[in-house]
Amino acid sequence: MKILKKALPFFAVLLIWELLFRFGLLNEYLLPSPLSVAKAGLALAGSGELFLDLFASVKRVLAGFLAAAVFGLTLGTLSGYGRSLSDAIMPLCEFLRPIPPIAWIPIAILWFGLGDNPAYFIVFIGAFFPIFINSYWGIRESRLMHLNVARNFGASRFLVLTDVLLPGSLPRILHGLRIGLGLGWTSVISAELVGAQSGLGYMIQMNRVMLKTENIIAGMVTIGLAGLLMNYLMLLLEKRLLTWRKDTLRSAETAEA
Amino acid sequence: MTGSIFSIKNVSKSFKDPKSGDSLPVINDLSLEIKGGDFVSIIGPSGCGKTTLLYQMGGFLRPDEGTIHYKGQPVLAPHPERTVIFQEYGLFPWKTVLGNVEFPIKARGALPAERREIALKYIKMVHLNGFENSYPHQLSGGMKQRAGIARALACQPEVVLMDEPFASLDNITREIMQEEILRLWSEVGKTFILITHHLDEAIFMSRRVIVMDARPGRVKESVEIDLPEPRTPEVKSHPRFAALKKHLTRSLREEVEKTIAFAKEPVPAAEVN
Ligand SMILES: Nc1ncnc2c1ncn2[C@@H]1O[C@H](COP(=O)(O)OP(=O)(O)OP(=O)(O)O)[C@@H](O)[C@H]1O
Ligand SMILES: [Mg+2]
């Protein structure tokens with residue numbers, strides 16, 4: 001029932017799209033019918049090409065995301081905990097943050113050439129900031145009362161970190177990871193548009209050159225579906241790890257993917 | 001002074017309003033001695049500085065002037081020997097009841113098996129067995145309260161400082177909790193200090209009731225509660241109980257009226273709680 005409700009808008013869009021096509025309102029070269037997109041997608045999947053590109057993109061996003069998670073979490077946690085570190089690096093971060101990942105592509109290609117390496121770098125840039133900022137604020141906005149309780153019991157700084165600050169900011173940290181993965185995914189596609197010879201971004205770019213609009217759209221649909229799946233998996237992880245928050249938040253309802 | 005576990009001498013404390021820079025005197029020249037093993041309640045009009053006093057006794061705040069000594073040593077920082085139960089209990093929502101009660105034992109470095117054993121003992125003491133693996137959001141107000149108390153006791157403190165611990169409970173639960181706390185007090189033989197707005201509660205539970213002045217607070221009077229011990233609900237119908245209540249009501253009322261008169265002037269700072 002729930003899944004039906006969620007799938008409904010997808011069907012509605014497909015239906016309107018197909019109808020517009022039937023009434024001859026669409027130019028086939030600009031927007032082919034959903035049916036021919038589906039056919040093109042199946043053909044690409046059947047030949048295995050689509051999966052090769054998908055895997056190339058997924059590999060890049062995972063590697064870059066993992067590096068961003070390790071760095072972002074460590075740096076965010078440490079600077080959330082220690083005032084002097086955050087004073088030192090926050091201004092630099094707030095200066096770098098508004099530079100969008102795509103703006104890094106030219107320099108990344110210059111530095112790393114074409115292929116995986118610039119893509120890793122771009123994903124890292126895209127994913128790092130949401131992860132860093134969210135873990136920083138998660139720690140920073142811990143409740144004073146909980147810290148006072150821990151202090152009262154004579155907890156060591158390490159125990160305060162592992163048992164109070166980190167679990168308390170876990171909702172925010174996981175949120176940052178989810179946003180980071182999403183941004184990493186959009187970043188890898190942008191990076192592949194210009195800086196790679198494989199991957200979904202590269203694939204849709206090539207099909208533009210060959211004027212195969214149905215392949216472009218099939219590629220875009222794949223990008224969207226993969227992003228949807230990643231987001232879903234991250235939400236599942238959040239739900240798993242945050243059972244203690246269940247029922248206390250309105251968002252718990254929405255998180256029930 | 002011999003026999004005193006807390007010795008508070010001429011303590012003053014004021015807070016600065018961050019906007020106007022005005023300083024608001026909250027406690028003014030307060031002195032108080034508390035005997036080890038006693039049950040003492042502190043009552044006073046809202047905003048008279050009770051929580052502020054308790055935080056200073058716990059070591060979370062420093063007096064501007066005067067001294068607070070605990071067992072002859074100046075109180076400079078929080079210490080596990082003096083455990084505060086905060087107004088909202090301060091349970092960690094990400095830990096189960098067991099995890100919460102284990103925390104102070106973990107903090108002093110006990111091994112997991114020992115930790116568990118001690119924690120379970122205190123959970124049982126507050127009748128929360130069966131709820132070890134529940135998270136705070138799954139508990140009722142009274143159960144959260146008991147979990148907070150179990151955690152405070154698991155720390156094996158010498159002094160338990162409680163800030164309106166029963167405020168969010170219904171009357172029946174409140175009475176049951178009062179009796180449970182009294183039972184715990186007589187079992188563990190520690191010093192309990194209770195802030196409350198309920199006169200009945202203060203009289204019923206305490207050996208001594210401290211009445212505070214309207215802000216800036218100081219001790220207006222200290223009333224010995226010479227009711228028979230152990231306290232059972234029957235003492236509430238004791239003629240002495242009624243007399244004490246009458247006296248304390250009058251005393252407190254004077255101060256509350258002063259507070260209300262003050263409130264007609266602009267209030268410089270927001271309340272902490
Ligand atoms: N951190 C703070 N900064 C500024 N003002 C404060 C602070 N803490 C307390 N105050 C002020 O000090 C006064 C006393 O506060 P306190 O919380 O000690 O009162 P209380 O007696 O516990 O009141 P209640 O019974 O309502 O809990 C209040 O007027 C409050 O506004
Ligand atoms: Mg208070």
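This report covers the fold of two protein chains, the contact between them and a few local features.

The model is predicted: local features need pLDDT of at least 70, side-chain atom pairs count only at pLDDT 80 or more, and totals for chains, interfaces and linings use all residues. Residues are numbered from 1 along each chain as its sequence is written, chains are lettered from A and ligands numbered from 1 in the order in which they are written, and side-chain values use heavy atoms, with hydrogens and water left out.

**Chain A**

Chain A has 11 helices and 0 strands. Helices (H or I, at least four residues) and strands (E, at least two) are DSSP runs, numbered from the N terminus. The C-alpha atoms of chain A fill a box of roughly 75 × 50 × 30 Å along the principal axes.

One backbone detail concerns A:Leu211. Its phi is near 60 degrees, a positive value in a residue other than glycine. A:Leu211 sits in the loop between helix H9 (200-209) and helix H10 (213-241) of chain A. Most residues other than glycine have a negative phi, and most peptide bonds are trans.

**Chain B: the sheet of 4 strands**

One open sheet of chain B has 4 strands in the order S2-S1-S4-S5, with antiparallel pairing. Strand S2 (23-35) and strand S5 (73-74) of chain B are at the edges, each with a single partner strand, so one side of each has no neighbour in the sheet. Two strands count as paired if DSSP finds at least two bridges between them. Strand S1 (residues 4-16) of chain B and S2(B) run antiparallel and are joined by 9 bridges. In this pair, B:Ser4 stands opposite B:Lys35 in S2(B).

Helix H1 (residues 50-58) of chain B packs on this sheet and touches S1, S2 and strand S4 (65-70) of chain B. Contact means heavy atoms within 4.5 Å. The direction of H1 in chain B makes about 125 degrees with that of S1(B). Axes are lines fitted to C-alpha atoms, for helices over the stretch in contact, and angles run from 0 to 180 degrees between N-to-C directions.

**Chain B: the sheet of 6 strands**

Another open sheet of chain B has 6 strands in the order S6-S7-S8-S3-S9-S10, with mixed pairing. Its edges are strand S6 (82-85) and strand S10 (219-224) of chain B, each with a single partner strand, so one side of each is left without a neighbour in the sheet. The twist averages 15 degrees from one strand to the next. S6(B) pairs with strand S7 (residues 159-163) of chain B in the parallel sense over 4 bridges. B:Thr83 stands opposite B:Val160 in S7(B). Helix H4 (residues 141-154) of chain B lies across S6, S7 and strand S8 (191-195) of chain B, at about 170 degrees to S6(B).

B:Pro230 lies in the loop between S10 and helix H7 (239-263) of chain B.

**The interface**

The contact takes 20 residues from chain A and 24 residues from chain B. The area buried between the chains is about 2000 Å², and carbon and sulfur atoms give 71% of it. Buried area is the accessible area (1.4 Å probe) that two parts lose on being put together, summed over both. In chain A, A:Asn152, A:Phe153 and A:Trp244 lose the most area to chain B, together 37% of what that side buries.

Across the interface the rule finds 8 residue pairs in polar contact (both at pLDDT 80 or more). A polar contact is a pair of N or O atoms within 3.5 Å; within protein, one must be able to donate a hydrogen and the other to accept it, and residues adjacent in sequence count only if both atoms are side-chain atoms. On the side of chain A that touches chain B, helix H7 (144-152) and helix H8 (157-195) of chain A are the elements that give two or more residues. H7(A) gives the largest share, 7 residues.

**Salt bridges**

A salt bridge is a side-chain nitrogen of Lys or Arg within 4 Å of a carboxyl oxygen of Asp or Glu. Two examples follow.

| Salt bridge | Closest N and O atoms |
|---|---|
| B:Lys106 with A:Asp163 | 2.7 Å |
| A:Lys59 with A:Asp116 | 2.8 Å |

A:Lys59 lies in helix H3 (residues 49-81) and A:Asp116 in helix H6 (residues 116-140) of chain A, so this pair ties together parts that are 57 residues apart in sequence.
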